[in-house]
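Me: I have a structure open and want to go through a few parts of it. Can you take my questions one at a time?

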Amino acid sequence: MTRRLGKGLEAFFPDMEISENDVLKEIPVKECRVNPYQPRKTFHADAIEELKESILEYGIIQPLIVRKSIKGYEIVVGERRFRAAKEAGLETIPAIIKELTDERMMELALLENLQREDLTPIEEAQAYSKLIEELKITQDVLSNRIGKSRSHIANLMRLLLLPEQVVACINNGELSMGHGRALLGLKNKQNMIPLVNKIRKEHLNVRQVEKLIMQMNEKKPVQKQKPKKDVFLQEQETVLRDKFGTAVSIQRGKRKGKIEIEFYSTEDLNRILEAMGE
């Protein structure tokens, strides 16, 4: 019986379909290493626990795919099964050994996760970014190779332009991809973190955030106009400025006023005081 490597995955990599000619081997769990190109960095404990219970009852139904390395085996496909097997206390695990390049390892790790699990938008964006960087390909080429639209890839990768704090909020689920896309439209980036705090505190949805950002972008800073000074006060300032030979400001409040006379040194102050004593 032929086992398939996840729905649709063999359409991209026909050579990865497990066939009757592949040799199934039990390999030590302690000699397995995770795929260095694995885009998923966190695995939900509940899902691993559930898979562990299934393994304890039924065993591992679908073997892992690995490649031989200097220190043992690198997992190409099946990291969740590997983690669950460790939790279950298994000493060996069934696996198919394939000869694969780093490039193929990277592509497979991304595609297996996209096919089998829901990556966070940030994990998916980082995986696309790494593929483009490492494989030296364009978004168009990547789009054709993995069966995702170019706009989908571009929109996700734009999220990586957000500040690290905002990226972290999207990655842990506090903000959605929609929130992130809306925040990219904020013109004054200094307002972003305060806005993110407001979104989290008030649980604003994407539509509310978009409306708020539109208002913030249209709002022009209000320049306070200084009230015009009384003509009499202006005249008196001129008289005192001529008398003391320095800048003088007269301010009148509701209940009291004040006169400010500037001086720049001790000698300048003594000169002003002498002029006041005349």
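Me: Is Lys258 buried or exposed, or in between?
Reply: This is a predicted model, and in it Lys258 has a relative accessible area of 44%, so Lys258 is partly exposed.

Me: Which residue does Lys258 meet in a salt bridge?
Reply: Its side chain meets that of Glu260, with N to O at 3.4 Å. Glu260 is partly exposed too, at 38%.

Me: Give me one inside a helix. What does Glu79 pair with?
Reply: Glu79 pairs with Arg83, and the N to O distance between their side chains is 2.8 Å. Both belong to helix H3, which covers residues 79-87.

Me: Why are Glu79 and Arg83 about one helical turn apart?
Reply: Because they are four residues apart in H3. As a general point, an α-helix has 3.6 residues a turn, so residues three or four places apart point the same way.

Me: Is Glu79 buried or exposed?
Reply: Glu79 is buried, because its relative accessibility is 5% and the cut-off for buried is under 20%. Arg83 has a value of 31%, so Arg83 counts as partly exposed.

Me: What about Arg200, which residue is its salt bridge with?
Reply: Glu174, and the closest N and O atoms are 3.0 Å apart.

Me: Changing topic to strands. Why is strand E3 described as largely enclosed?
Reply: E3 runs over residues 64-69, and five of its six residues are buried, so the rest of the structure largely encloses the strand.

Me: Which strands does E3 pair with?
Reply: One is E5 (residues 92-97), which runs parallel to E3 and is joined to it by three bridges. Another is E4 (residues 72-77), which is antiparallel to E3 and pairs with it over five bridges.

Me: What joins E3 to E4 in the chain?
Reply: A hairpin of two residues.

Me: Which residues of helix H6 are buried?
Reply: H6 covers residues 139-146, and its buried residues are Leu142, Ser143 and Ile146. Seen down the helix axis, they fall within an arc of 105°, so they line one face of H6.

Me: What follows H6?
Reply: Gly147, with a positive phi near 75°.

Me: Last one. Where is Thr120?
Reply: Thr120 is in the loop between helix H4 (102-116) and helix H5 (121-135). Its relative accessible area is 19%, so Thr120 is buried, since the limit is under 20%.

Me: Which side chain does Thr120 make a polar contact with?
Reply: That of Asn171, at 2.6 Å.

Terms used. Residues numbered from 1 in each chain as written. Predicted model: local features only at pLDDT ≥ 70, side-chain atom pairs only at ≥ 80, totals over all residues. Heavy atoms only, no water. Buried < 20%, exposed > 50% of the residue type's maximum accessible area, 1.4 Å probe, protein only. Pairing = 2+ DSSP bridges. Arc of directions from axis to C-beta. Salt bridge = Lys/Arg side-chain N within 4 Å of Asp/Glu carboxyl O. Polar contact = N/O pair within 3.5 Å; in protein donor to acceptor, adjacent residues only side chain to side chain.
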